[in-house]
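Dear colleague,

Please find below the sequence and structure that I am handing over to you.

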Amino acid sequence: TTDVTPTITVTTSGDYFVINTNACGTVTSNHILVTINPLAVASIITASGPTTFCVGGNVILSGNIDGIWNNLEVTPAITITSTGDYFVTNSNSCGSVTSNHIAVSVNPLPVVTANANVSVIATCTEISVVCAGSSVTLSGGGANSYVWTSGVIDGVEFIPAFSSTYTVLGTDENNCSATATISVILNALPVVTANASATVVCAGTSVILTGAGAASYVWTNGVTNEVGFIPSATKTYTVTGIDGFNCSNTANVTVTVNTAPIITTEVSDQATVVGNSVSFSVIATGTDLTYQWRKGSVNLINGGNISGATSATLTINPVNISDAASNYNVVITGICAPAITSANATLSVTPTNIISFNEENTNKAVSIYPNPFTTSINIIINDAAKINKAELKIYNVIGGEVINTTLIQKITTLETSNLPSGIYFYKITHNNKIVQSGKMISQ
């Protein structure tokens, strides 16, 4: 240097010595070699991404130049997976310096649970066994929001179509996620059958209904399994069968109740004129009814003037005098006993030469009383000038003549105690001409 002071302060490396000079010449001192070492240089570190993340994530810190990381790594970059304060120390003979610090925060994952809210047969931590067709509600726990596989919505009821394992992804407030699973196993429903001791019965018959294919049974309509009862009408009964896993299924059986014949409208008496048509009808209830019309105890057969002999309506066309009778009836038979016989009905037939009661002459030449009568009748001639020795004939309902007399007196009394009760017809003729006719009733 050019310094001439006794001492100098050296701050740079170099070869230092002193030159002494006089008249005699120049000499140099001894040499001192001074070396100045540089100070250590701190590294500058950087992060490859967010320094706050969830367990399972990482961040790469880089920028180490010839230093040592505080986790004792010496590589230029390190991968960080845990929470901490990270920096680099650079050292040499002059000392040590540290880099900038980077704080890393690693959030824990939520502890997610998968839960089934359902009426289960059996359940454990990860399995629920339910009856096929039952509804299930899956819900997650341990996080803030949940997303399920298979289209399931958290907390929303659904009916699984088959056994399956469902996974839920739960995410917490730090946006950290974890999964859990639950298996829903469908238990098959019992194959229930509904059986009856008889499916078609007559009213009043006892029936026993029995369920099969399950462990216990409940019937509709108040029926008890395997206990006899009397059904009141045709009805379908449903049984619910419950198996050992409390799974249930149903089955149906219909019991048809047939009824015996019952006459609701009896056969009524009929009156007509020979040659006309007449019908007897009956109205009855019952199952699968058949009819047999009779005259007395003799079955009538279709043919001739008879039709409908085996139906609810008997028709006689044309009517003959011989068809008149007081014992027409019908026997009604059904699928259930007993058969029933109607009351007897009377067919009154007027011969064609006798005017019917409805057509009785209105210009009375003769008065007949009492009518109805019992033991006698009185005949009074009202117009003797027109009637002289008129002939009176009385007929029963089948056209048989029961009285034939000539009216000579103005008043004639006839004994009738021998006439059976019933309907009679009379006609009065004079000079072969009917002057009066009508109907009388014997009581």
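C336 is buried in this predicted model, its relative accessible area being 3%. Its partner is C202, and the S to S distance of this disulfide is 2.0 Å. C202 has a relative accessibility of 27%, so it counts as partly exposed; the limits that matter here are under 20% for buried and over 50% for exposed. The torsion about the S-S bond of C202 and C336 is about -95°, which means that the disulfide is left-handed. C202 belongs to strand β23 (residues 200–202), whereas C336 sits in the loop between β36 (325–333) and β37 (340–341); the pair therefore ties together parts that are 134 residues apart in sequence.

In total, the count comes to three disulfides. The other bonds are described in turn below.

A disulfide is found between C131 and C247, with an S to S distance of 2.0 Å. The link of C131 and C247 is left-handed, with -95° about the S-S bond. Because C131 is placed in strand β16 (residues 127–131) and C247 in the loop between β26 (235–242) and β27 (248–258), this bond ties together parts that are 116 residues apart in sequence. As for solvent accessibility, C131 and C247 are both buried.

C54 is joined to C176, and here the S to S distance is 1.8 Å. The link of C54 and C176 is left-handed as well, with -95° about the S-S bond. Distant parts of the chain are linked by this pair: C54 is in strand β6 (residues 52–54), C176 is in the loop between β20 (164–171) and β21 (177–187), and 122 residues separate them. Both C54 and C176 are buried.

How are the bonded cysteines paired when they are numbered in sequence order? The pattern is 1-3, 2-5, 4-6. In residue terms, C54 pairs with C176, C131 with C247, and C202 with C336.

Two further cysteines deserve a note on accessibility. C24 is exposed, because its relative accessibility is 77% and the cut-off for this class is over 50%. C94, with a relative accessible area of 35%, is partly exposed, since this value lies between the limits of 20% and 50%.

With kind regards

Methods
Residues are numbered from 1 along each chain as its sequence is written. This is a predicted model: local features need pLDDT of at least 70, side-chain atom pairs count only at pLDDT 80 or more; totals for chains, interfaces and linings use all residues. Side-chain values use heavy atoms; hydrogens and water are left out. A disulfide is a pair of cysteine sulfur atoms within 2.5 Å. Helices (H or I, at least four residues) and strands (E, at least two) are DSSP runs, numbered from the N terminus. Buried means under 20% relative accessible area, exposed over 50%, partly exposed in between (1.4 Å probe, protein chains only).
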